[in-house]
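User: Hi! Could you walk me through this model with a few questions and answers?

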Amino acid sequence: MNFSVQIDRWNDACLAAACLAVAGHDLGGLRLHARAGPVRDVWLEEFRKLINPATPWKKVPVHCSESRLLGGLDLAATLQAGVPVSELGLLATCHGGIVTLPMAERAPVFLQSTLCSVLDEPLLRLERDGLTEQRLCSIAVLAIDEGVEDESPGEPLLDRLALSIDLDELSIAATDSFPFSEMDIEKARKSYKTVCIDDPYLESLCGACEALGIGSPRMSVLACRCARVLAALAGERNVGPDQLEQVLRLVLLPRATQLPAQDRDDEASNDEQAPEEHSPEDVGETEPPDESIEDKKEQTLTEDRIVEAAKAMLPGDLLSRLAAAQISARKNSSSGKSGVIHKSKLRGRPSGTVPGDPRDGSRLDLLATLRAAVPWQKLRAKPQGKALIQVSTQDFRVKRFKERSPSVTVFAVDASGSSALYRLAEVKGAIELLLADCYIRRDEVALIAFKGQCAELLLPPTRSLVRAKRCLAAMPGGGGTPLASAIELGAMTLQQLERKGCTPVFVLLTDGRANVSRDGSTGRTAAMEDTKMAAANLRTLSSARGIVIDTSPRPHRTAADVAEWLAVDYLPLPNADSKNLQAAVSATVRA
């Protein structure tokens, strides 16, 4: 990125900071995509200078509990006063200010949904711990996104933040100037609600949203508000074309999901037709031009200008980023981790508290238990001795945890003579590459090899790279293809892993041409029938994901039939090397 482009991007970031400082809650907030560094620190420092020192500014950590976020019962004050006393949460104390959400791409769902509800309606409703209250909560959200690749905050939250800037790849030299002062912000804050935007410009913004594939009507409303703020910052009373182009960069382009369509046929072509012949009586009776036609032409020209500006300012890698976004949308939202999340009593990530009995092995949440008991003290007998509060079994609250089960990839490798002749070396290379990926994700790998008369579990589930590589190097090739035995052994292995609470993935690498039955006899017809029965048995015993990779140089229908019997994906790779095999299996493991 050349220096002039960096200057332009920094100027847009300054403009976005000024807009957020002026309008605040009316614009929802701003998504700041930037990793920790001096550029982000400079922007935050300059943005902080635009905010009135009396304006609340709170940081909400991603691990913030529900009671800390929304408020609840002040336990110490309640025990001292003898009546329920509430305490304000982070959001309520930030009314009229800015809420900073660092690492927004990792914020839990309940936190993002709470912010969405507050942005929709600036009213915070509290119904917990025997309290029922409502508090005003008009905030603007500054979501700091440090995500890479497919990591990003949830779409509902992004849909409520009008502004979006990207400070990655900017050098510190591009941050020399900041063209706005606190006086400019105060002046614009007093006047932006009186700025007018004409109907043609409104229709042009809506047309630009449609051309860029932005389907949310909320974004059109936020774009219009942002245009009025930009006009106020420029000292204008009406929104002009310059403000529309700025809205395009700050609001619409970061949310584009498609390239603008080709230029529409000029409607003026209809006007270029030969004029109708008039009779002599009509001469001198010229009708005045239709004002609606003139307005339509003006609106069309304005919309065309916006679309052309969008084409000029779209990043060159938009298509590749859109394709990557479509692929990531089909993946699990767990950022590449393949294990299934399940509830746990003793370990994992905390996920709130529920009524329960700690005698069943759960952990008691003492503070939550006391909060549940306090509202009922007036109805209960006075505690004996020095006790200040009486607790019953219905007040017990136990902690909830979410734990990700370990993922195990079970490879069943065809080491028969036909496979060994062509693809066994590539398969070994692919498995070595996959072992490195699994080690990074802390997943386990198991290896089944089948050749000759039966299948054998060469490598039980392990994370040891050295052990797995030794096992692969010592795996010889040759003999028949006992595919039915391999599927039976795979079914047993998958069932054992699921009983242990693991999330298994089954990867079968074969040409599908079975010629050895389960009893060791040879014969292709009987071997294929046994394979079909073994596949049906595996579907009954296990619900694991899987894939059949056809490793033959010329894909044959037999491998596709095996995949159909197993009810898994089928992938023919006639010209695959170890890297292609690795990519195919990694996509299945992370799906």
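This is a predicted model: local features need pLDDT of at least 70, side-chain atom pairs count only at pLDDT 80 or more; totals for chains, interfaces and linings use all residues.

User: How many bridges join strand 1 to strand 9?
Analyst: Residues are numbered from 1 along each chain as its sequence is written, and side-chain values use heavy atoms, leaving out hydrogens and water. Strands (E, at least two residues) and helices (H or I, at least four) are DSSP runs numbered from the N terminus, and two strands pair if DSSP finds at least two bridges between them. Strand 1 (residues 29-33) and strand 9 run parallel, and the bridges joining them number 4.

User: Which residue in strand 9 stands opposite Arg-31?
Analyst: The open sheet has 5 strands in the order 2-5-8-1-9, with parallel pairing. Strand 9 (163-166) stands at an edge with a single partner strand, so one side of strand 9 is left without a neighbour in the sheet. Opposite Arg-31 stands Ser-164.

User: What is the average pLDDT of the chain?
Analyst: pLDDT is the predictor's confidence in each residue, from 0 to 100. Over residues 263-291 the pLDDT is below 50, while 75% of the residues in the chain score at least 70. The chain average is 78.

Key. Contact means heavy atoms within 4.5 Å.
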